[in-house]
Structures are given as structure tokens and as C-alpha cells.
Amino acid sequence: MKVTLTTVVLSLMLAVPAFAKDVAGVKYPETATVAGKELKLNGVGLRSKLVFKVYTAGLYLETPSKDGAAIISSDQVKRVRMYMLRDLDKKTIVEAIGDGFKKNAGAKLAELQPKLDTFNAAIPDVKKGDELILTYVPGQGTQVSSKTGKEISVEGKDFSDALFSVFVGKNPVDGSLRDGMLGKD
């Protein structure tokens with residue numbers, strides 16, 4: 001009887017996905033499978049604005065790194081999973097990402113603007129508990145998905161580089177969020 005109970009308990013524990021990180025009550029699994037590749041959780045962070053917790057974000061990579069520039073320049077599958085801790089309208093999200101784009105894209109901003117416009121069109125209003133998932137797949141582009149928005153893909157590694165710079169670049173939207181996503185927390 002004891003052996004059977006132990007076996008059942010162990011099998012139940014193994015059936016539950018292993019969670020590597022918990023930030024602000026949001027659990028992030030150790031891995032994610034994208035385009036047939038197993039990505040590893042690089043790090044997680046919390047985006048705060050003034051005293052408000054806005055969202056958590058987890059960065060998944062084929063090859064984890066603490067170097068933001070190396071992550072951005074690498075041509076690997078990468079994913080940012082954002083979990084909303086409050087309601088946000090599309091305008092607020094688009095402005096925040098646009099500001100980050102301007103800070104990081106530099107001279108390429110004008111060239112990337114049409115791609116940014118396509119990306120912005122896919123951003124929905126989000127409610128507390130919703131997720132926005134940004135995934136770059138080499139040769140395919142950057143996919144944006146959410147339960148309430150339309151799923152789109154934006155071509156080009158140049159766009160992906162600028163978008164991921166918003167999170168882990170030299171001028172991120174939030175320095176402590178960047179540090180968490182880089183595993184430096």
C-alpha cells in the first residue's frame with residue numbers, strides 16, 4: 001500500500017510541468033517549444049510604472065545568455081511572454097513599445113516604421129490575466145499572438161532586433177525588467 005501511494009504521488013509530481021520562476025505570482029515554465037525547438041527560460045522580470053505593477057515578462061531562448069546585445073544579434077528562435085497584471089488599452093501598449101523602438105532603432109526607425117505599423121495593428125486592448133506573446137523565428141519573422149488580438153507576422157530580423165531591444169537592449173523600457181529577463185536579478 002505504501003509503495004503504491006508513493007508511486008502515485010511521484011507520478012503526479014512528474015506530470016505537473018516544472019516551473020523555473022515565479023514573479024508577482026505568475027509562474028513561468030523552464031522551457032517552451034517553438035517551431036520544433038526547445039527554448040529555455042533565460043529570465044523573468046516585472047514591468048512597473050510609478051507604483052503600479054504593469055506586467056511580467058519571461059524571455060525564452062535556444063541559447064540562454066546574460067548579454068542583451070548577443071541575444072538581440074543572434075539569429076535564434078526567441079520568445080517574450082508578457083502576462084498582464086492590469087488592464088491596458090492598445091494605445092498605451094503601442095506608445096510604450098514605440099518609445100522603446102525610438103530609443104533603440106536609431107537611424108533605422110524610418111525604415112522600420114512600416115513594419116512597426118503592421119505590428120501595432122495586431123496589438124489588442126488587454127485585460128488583467130491576458131498574455132501577449134512575441135516570437136521570432138529565423139526566416140519567418142516575428143509573430144504576435146494574444147487571445148483577443150489578431151495573430152500576425154512581421155518579416156525581417158531587423159524588426160526583431162529592434163523589438164527585442166525594447167526589452168533587453170541598451171535603452172530598455174524598464175531597466176529592472178531587462179535585468180530580470182537577462183537573469184541578472
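A: This is a predicted model. Start with a pair of helices. Helix H4 covers residues 109-121 and helix H5 covers residues 157-168; their axes come within 10 Å and cross at roughly 75 degrees. Angles of 65 to 115 degrees count as roughly perpendicular, and H4 and H5 are therefore roughly perpendicular to each other.

Now the residues that touch. H4 contributes Glu-111, Leu-112, Lys-115, Leu-116 and Phe-119 to the contact. From H5 come Asp-158, Phe-159, Ala-162 and Leu-163. By class, the contact of H4 with H5 has 6 nonpolar residues, 3 charged ones and no polar ones.

Next, the sheet. Strands of a sheet pair through backbone hydrogen bonds, either parallel or antiparallel. Here the sheet is open, has 7 strands and is paired in the antiparallel sense. The strand order is E3-E4-E5-E6-E7-E8-E9. E3 and E9 (152-154) are the edge strands, and each pairs on one side only. On average, neighbouring strands of this sheet are turned by 25 degrees against each other, direction ignored.

H4 belongs to this picture too. This helix packs on the sheet and touches E7 (131-137), E8 (141-146) and E9. The direction of H4 makes about 165 degrees with that of E9. Angles over 145 degrees count as roughly antiparallel.

Strand E3 (residues 31-34) pairs with strand E4 (residues 37-49) over 4 bridges, in the antiparallel sense. Thr-31 has Lys-40 of E4 as its bridge partner. The two strands form a hairpin, with 2 residues between them. Ala-35 sits in the turn and has a positive phi of about 50 degrees.

E4 also pairs with strand E5 (residues 52-61). These strands run antiparallel and are joined by 9 bridges. Gly-45 has its bridge partner in E5, at Ala-57. E4 and E5 form a hairpin as well, with 2 residues between the strands. In this turn Leu-50 has a positive phi of about 60 degrees.

Definitions and conventions: Residues numbered from 1 in each chain as written. Predicted model: local features only at pLDDT ≥ 70, side-chain atom pairs only at ≥ 80, totals over all residues. Heavy atoms only, no water. Axes fitted to C-alpha atoms, helices over the stretch in contact; angles between N-to-C directions. Parallel < 35°, antiparallel > 145°, perpendicular 65-115°, else oblique. Contact = heavy atoms within 4.5 Å. Nonpolar A, V, L, I, M, F, W, Y, C, P; charged D, E, K, R; others polar. Pairing = 2+ DSSP bridges.
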